[in-house]
Amino acid sequence: MTENKPEYSANVMRMFGYGIIVFFILIILFVLFKFTEDFPIFTWDINDRTPEQVLNNWKDTSSILNSLLSPILLFFSVVLLWLTWRTSRTELSLTRNIIKEQLSNQRRKDDLDILSRQSLYLNEKMNEKLKVFDLFYNSSANVELFNFLDGLYKNSNPRLLEFYKSIGFDYEAQSSKNDFSNELYLKLYQIEQSQKELIIRGTHISVCYGLNFNKCKYLNKFIGLEAYKVQNIFFDVYSAIYMENLLINQYVKSTMLLLRKIHSTESVYKKELIQEFMLIYDLEIAKRLIQFSDDIPDNFFE
């Protein structure tokens with residue numbers, strides 16, 4: 001109802017203008033009609049008037065008629081000018097509103113397109129299989145990894161030796177801790193995982209054990225459980241190391257920045273932006289990531 005108010009007002013003013021025009025036309029016709037009844041007949045001999053008297057009567061009458069019609073026509077002209085101005089102003093206002101709406105729609109379309117492209121790109125990166133060790137972006141992560149590998153030196157658990165054999169690592173051939181760690185690193189380097197897998201596993205590990213737990217003790221604890229694969233123990237360790245440096249990961253930072261941008265927007269289509277993001281980006285990853293943000297609520301996607 002509020003949206004139709006400008007159109008309703010314009011229609012009322014249009015009808016009012018037409019009414020004034022019709023009213024003044026009727027007045028003019030009435031004045032002309034009345035004067036045609038009493039207008040002197042332009043002849044030379046009626047009522048024994050001379051031609052000069054007839055001309056004077058004509059001039060006097062036409063002067064009176066002109067005096068009556070001039071103010072009416074002047075006011076009529078003013079009304080027409082006012083109606084023209086009013087119509088122009090209304091049309092300009094409508095045009096401005098249309099342009100404003102078009103710009104708003106274009107901005108909405110652009111924002112949704114940008115969000116779609118960014119969400120799609122980041123989602124692909126987070127689900128892409130990569131060499132796990134390539135995801136350790138700083139020296140502290142590599143130090144943590146080698147401390148774990150060094151701690152495995154001289155550990156001859158049968159299940160661990162069987163795992164070494166499965167990845168082609170010759171445990172017996174290593175003569176020193178340094179050789180052991182470097183050679184094992186090279187064998188483990190071929191293992192690939194997605195960042196999604198590391199985040200899902202890492203958040204679970206962090207809830208249960210924190211992030212700064214002793215990785216070698218963790219391995220010794222679970223390697224005795226036959227149902228728990230040795231490979232999964234290594235994945236747990238990788239995930240914990242990855243999570244320690246989660247917020248410096250460029251794709252994680254970009255995802256968090258995108259979520260903050262959506263959350264802080266005041267546009268009327270904010271819900272559309274959230275829905276667009278939910279359609280494209282892996283929600284399981286996003287929900288885990290917002291747990292590490294103080295300015296994005298946990299119910300952001302609800």
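The legends below accompany close-up views of a predicted model.

**View 1**
Of its 302 residues, 34% count as buried, while the protein exposes about 19,100 Å², of which carbon and sulfur atoms supply 57%. Among the contacts with a separation of 6 or more, 73% come from residues 24 or more positions apart.

**View 1. The largest nonpolar core and helix α8.**
The largest nonpolar core holds 62 residues, and those with the most contacts inside it are Leu152, Phe234, Tyr238 and Tyr242. Helix α8, which covers residues 230-244, gives the most to this core, with ten residues. Apart from this core lies another one, of ten residues, among them Phe24, Ile28, Val31 and Ile72. Twelve of the 15 residues of α8 are buried, so the helix is largely enclosed by the rest of the structure; the buried residues include Val230, Ile233, Asp236 and Met243. At 1.5 Å a residue, the 15 residues of α8 should span 21 Å, and the end C-alpha atoms of the helix are 22 Å apart, which agrees.

Leaving aside neighbours within four places in sequence, Phe234 is in contact with Phe148, Leu152, Leu160, Phe163, Leu188 and Leu219. The C-alpha atoms of Phe234 and Phe148 are separated by 9.9 Å, although the two residues are 86 residues apart along the chain. Tyr238, when residues up to four places away in sequence are not counted, touches Val132, Phe133, Phe136, Leu145, Leu188, Ile191, Gln193 and Leu198.

**View 2. A nonpolar patch on the surface.**
Val22, Ile25, Leu26, Leu29 and Leu32 form a nonpolar patch on the surface, and together they have about 430 Å² of accessible area. Leu29, one of these residues, lies in helix α1, which covers residues 5-38, and at 49% relative accessibility Leu29 counts as partly exposed.

Arg159 forms a salt bridge with Glu226, with the closest N and O atoms 3.8 Å apart; Arg159 is in helix α4 (residues 158-166), whereas Glu226 is in the loop between α7 (215-222) and α8, 67 residues apart. At 15% relative accessibility Arg159 counts as buried, whereas Glu226, at 65%, counts as exposed. Lys196 forms a salt bridge with Glu284, with the closest N and O atoms 3.6 Å apart. Because Lys196 lies in helix α6 (residues 195-209) and Glu284 in helix α11 (residues 283-289), this pair ties together parts that are 88 residues apart in sequence. Glu144, Lys215 and Glu244 are linked in a network of salt bridges.

Note on methods
Residues numbered from 1 in each chain as written. Predicted model: local features only at pLDDT ≥ 70, side-chain atom pairs only at ≥ 80, totals over all residues. Heavy atoms only, no water. Core = buried A, V, L, I, M, F, W, Y, C linked by side-chain atoms within 4.5 Å. Buried < 20%, exposed > 50% of the residue type's maximum accessible area, 1.4 Å probe, protein only. Helix = DSSP H or I, 4+ residues; strand = E, 2+ residues; numbered from the N terminus. Contact = heavy atoms within 4.5 Å. Expected span 1.5 Å × (residues − 1). Patch = residues over 30% accessible without salt bridge, like charges linked within 9 Å, V, L, I, M, F, W, Y side chains within 5 Å. Areas by Shrake-Rupley, 256 points an atom, 1.4 Å probe, with all protein chains shown as cover. Salt bridge = Lys/Arg side-chain N within 4 Å of Asp/Glu carboxyl O.
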